Amino acid sequence: MDGAYTDKLAGKIPEDFWERKMADWRSEEHQVKMAIQGLSNAEAGDRALGAQRIFELANKAYSLYVSQNPVERAKLLRMLFSNCSVDAVTVTPTYRKPFDMIFERARLEEWSGREDSNLRPPGPEPGALPDCATPRMCAAVRCR
């Protein structure tokens, strides 16, 4: 906008062209500001709920597909894939965002570096508990 104004002052562009372009640019700028304001006003909870629904769909996609009628299956496939390529042997899907990122992480087995939150503590070592906690050890002790 500043460059166009400089060109207008220098006489490089006509006045009516500059006014028309400025109106377009101001309108576009207003739309961008409204979009940014809408994004900044969106609550984090809404985004978290959306992400939760995406992961739920990703986890349940196969069972949903198997249990649905052909119309519902087509709708599910349109949500997950943007396109599929077919050769003589295989069908290769092109996933929609964010399912493409989920698929890629699963394909490369790149998951969180943190341990599973549901890990159980390791069990006792064989023979560590009194009164023969493991049958193998009990048989060896009784034989002596």
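I started with Glu15: it comes out partly exposed, at 40% relative accessible area. This is a predicted model, so I'm reading computed values throughout.

Next I checked what Glu15 pairs with. It makes a salt bridge to Lys8, and the closest N and O atoms sit 3.6 Å apart.

Then I turned to Lys8 itself, which belongs to helix α1 (residues 2-9). Is Lys8 buried or exposed? Its relative accessibility is 19%, so I have to call Lys8 buried, the cut-off being under 20%. I noted that Glu15, in contrast, is partly exposed.

I also looked up who touches Lys8. Skipping its neighbours within four places in sequence, I get contacts with Ile13, Glu15 and Trp18.

How many salt bridges does the structure hold? I count two.

The other entry is Glu29 with Lys33, where the closest N and O atoms are 3.9 Å apart. The cut-off for a salt bridge is within 4 Å, and this pair meets it. Why can these two pair up along the chain? Both lie in helix α2 (residues 15-41), four residues apart, so about one helical turn separates them.

Last, I looked up accessibility for this pair. Glu29 is partly exposed, with 35% relative accessible area. Lys33 reaches 52% and counts as exposed, because the line is drawn at over 50%.

My summary for the page: Lys8 is buried, while Lys33 is exposed.

Notes:
Residues numbered from 1 in each chain as written. Predicted model: local features only at pLDDT ≥ 70, side-chain atom pairs only at ≥ 80, totals over all residues. Heavy atoms only, no water. Helix = DSSP H or I, 4+ residues; strand = E, 2+ residues; numbered from the N terminus. Buried < 20%, exposed > 50% of the residue type's maximum accessible area, 1.4 Å probe, protein only. Contact = heavy atoms within 4.5 Å. Salt bridge = Lys/Arg side-chain N within 4 Å of Asp/Glu carboxyl O.
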